[in-house]
Amino acid sequence: MSIQINGEISIKGLPGSDGIAIGKVLVIDHKAKKIQPKKIKSESILTNLKQFASSRQKFLKELNELSNNLDQKTAGILETQKHIVSDIEIEQKINTAIEDEHYSVDYSIYKVFNEFIERLRESGSELFQQRIIDIENIRDRLIALACENEANIFEVEKGAILIVKEISPTDLISYHEKGISGLIMDRGGVTSHAALIAQSLNIPCIVSTKIAVQSASLAKQAIIDASNGELVLNPSKEKLSEFRKRIKKLKRARKVLKNSKAASETKDGVAFHLRANIEFTQELELAHRCGAEGIGLLRTEALLYEGFIKKSESEQDKFYEEILQNSSGPVTIRLFDVGGDKLNAHTPEEANPFLGWRGIRMLLDEKEMLISQLRAILKISGKFPNRVKILVPMISVFEEVIEVKRTIKQVKKALDKEGIEIDDSIQVGIMIEVPSAALLANHIAKEVDFFSIGTNDLTQYTLAVDRGNDQISKLYQQHNPAIWRLIKLTKEAADEHKIDLTVCGQLAGDVLGAICLIGMGITDLSMSPASISRVKEVLITRSREELSEISEYILSCKTTAEVQQFYEKWGKVS
Amino acid sequence: MIKKKVTILNSSGLHARPSAALVKLASKFKSDFYIHMYGYRVNGKSILGVMTLAAEQGAELVFEIDGSDEKEALKSILELVENKFGMVNE
């Protein structure tokens, strides 16, 4: 009897980012991760020693906190763990590996622990075998703590398809730079951070595959058909040639990008603007190629993920300067939109982080961080006048608008005193992503220069659906009539007070969404660069009247299904 | 320096928690503490060292203690071994 490992396996997931890719399989399962020997320079020895010492301290602190509320037996187990973490032999050997052998901290920990693990394994005693897993876990936790801000990136063959349980945004960027051609993620929903980044980097991606990591361990090659949410492991020859043809076709279509230079107006001459949502300088080229008219949403959270928070204002300056220099048109910079957990590990865990201390709520409490970001943005606005806009995330009450405006005024004044040139008429707008802000839009409109509707969070908060939870992902409906009503309300407030309105969520980059938005008279849309061409294609072949017809209808719908049915009919008839 | 031969009495041997108890006690003394078993020699103040001996019930060990408080240390450690490392439910 033989186990068939070469047969074709098809695994279904949810489409995270459109596209097709064929490539070698690269499974990264963090538990089974092997750490490669890595030598360090002598000037890094001290840093590596410190990293090790602080990882032990952090781990002991974690264990102490854990054991506080535990029964005696469990506390006893943790006590043993503490002994292992503070083991003197381990300490000496790891320090020696770093100091004398010049191994990096992660490999030193890995190597020294493994010597002990090997000896236990060799002992053959059944009872002691069980402890190996515990010791491995301690080893891995120490490594993770020691390398907190340092990504652990594997070597990748160009064009490989990366299969993971989950992946951090920065790791995904690093793998993108190493040339992966696709991403499969077992966990997460379609709007998980990784999927959004995959979209903006134009990497085909399927999420929520659940069993891909375990299924792919023996697979060599795979096909990602992201729009159908299908991963094919060990594809047959027939399947490979079918998909190669499809890729060729797609490439040809992309090369032409026939509409990137076409005027952005509907058939009857109503102008619109399609801009790009980006987070990294690496995306600028794609945005340009796709014909984006500027950056409608520059996310800045990556600055925090990369540990910038501890870095100086001048490093932020460099990032903004690079973006402004390599783009044209307006650049809307959104202030840090993260939860408190990104600040430091000691912030207490929140039961509902999406309803918690994040976005402007956190920034107003952490004034130093807010001021340093505002300074960097205002300074760059002086160098590129009339191009920079400030976008404030997560506004839920009126007072926040007033307070953030007051802070901006203070920062402007301070810079003026220092003799630094700024764009004094810089536009300040807010994200409409919490339903309360949409409902109060007529009041808030008097205080700001523009609104930007973030449909992803607006959907999450309006329908009370955690967008990272794949169990309820069916309820995450951007086309739901309730969302359209809030958008309409916001549009009316913006019109009444003559301020600009843009939409920067996924709704803008989706054909049905874009059609309805233009139909409602919202002509400024920002989306992931890869979506621009597809959206433009439809918009330039239709008249405003046709688009309005559908947008009027959807506002009267009861369900998302009704919206979609009407849209399908509309597409066929007209 | 003193050396003393001991036999492990408790049923699950020197596994994680007995090792932890041994190391905790030994670390209170200034003297160096080494354990010999079948040609292996490990630091008795290192829990991973002690655990990797994988000493099961009946295993014969030699304790080697060297330092100013070696006598008190040996006495306390022997007591612990005789009390089966305080593992009541074994």
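Predicted model: local features only at pLDDT ≥ 70, side-chain atom pairs only at ≥ 80, totals over all residues.
View 1. The loop holding Thr266(A) runs between helix H9 (237–256) and strand S9 (273–278) of chain A. Helices (H or I, at least four residues) and strands (E, at least two) are DSSP runs, numbered from the N terminus. Setting aside neighbours within four places in sequence, the contacts of Thr266(A) include Phe272(A), Ile518(A), Leu539(A), Arg542(A) and Leu547(A). Contact means heavy atoms within 4.5 Å.

**View 2. Chain A meets chain B.** Chain A brings 18 residues to the contact and chain B brings 20 residues. About 1,800 Å² is buried between the two chains, with carbon and sulfur atoms giving 72%. Buried area here is the accessible area (1.4 Å probe) that two parts lose on being put together, summed over both. On the chain A side, His83(A), Arg119(A) and Phe128(A) lose the most area to chain B, together 30% of what that side buries.

View 3. Between chain A and chain B the count is 0 salt bridges (a side-chain nitrogen of Lys or Arg within 4 Å of a carboxyl oxygen of Asp or Glu). Polar contact links 4 residue pairs across the interface, both residues at pLDDT 80 or more. A polar contact is a pair of N or O atoms within 3.5 Å; within protein, one must be able to donate a hydrogen and the other to accept it, and residues adjacent in sequence count only if both atoms are side-chain atoms. Helices H2 (72–85), H3 (88–99), H4 (105–123) and H5 (126–146) of chain A each give two or more residues to the side touching chain B. H4(A) gives the most, with 5 residues.

**View 4. The fold of chain B.** Chain B has 3 helices and 4 strands. Along the sequence they follow the pattern β-α-β-β-α-β-α. Of its 90 residues, 54% count as buried.

**Notes.** Residues are numbered from 1 along each chain as its sequence is written, and chains are lettered from A and ligands numbered from 1 in the order in which they are written.

Key: Heavy atoms only, no water. Buried < 20%, exposed > 50% of the residue type's maximum accessible area, 1.4 Å probe, protein only.
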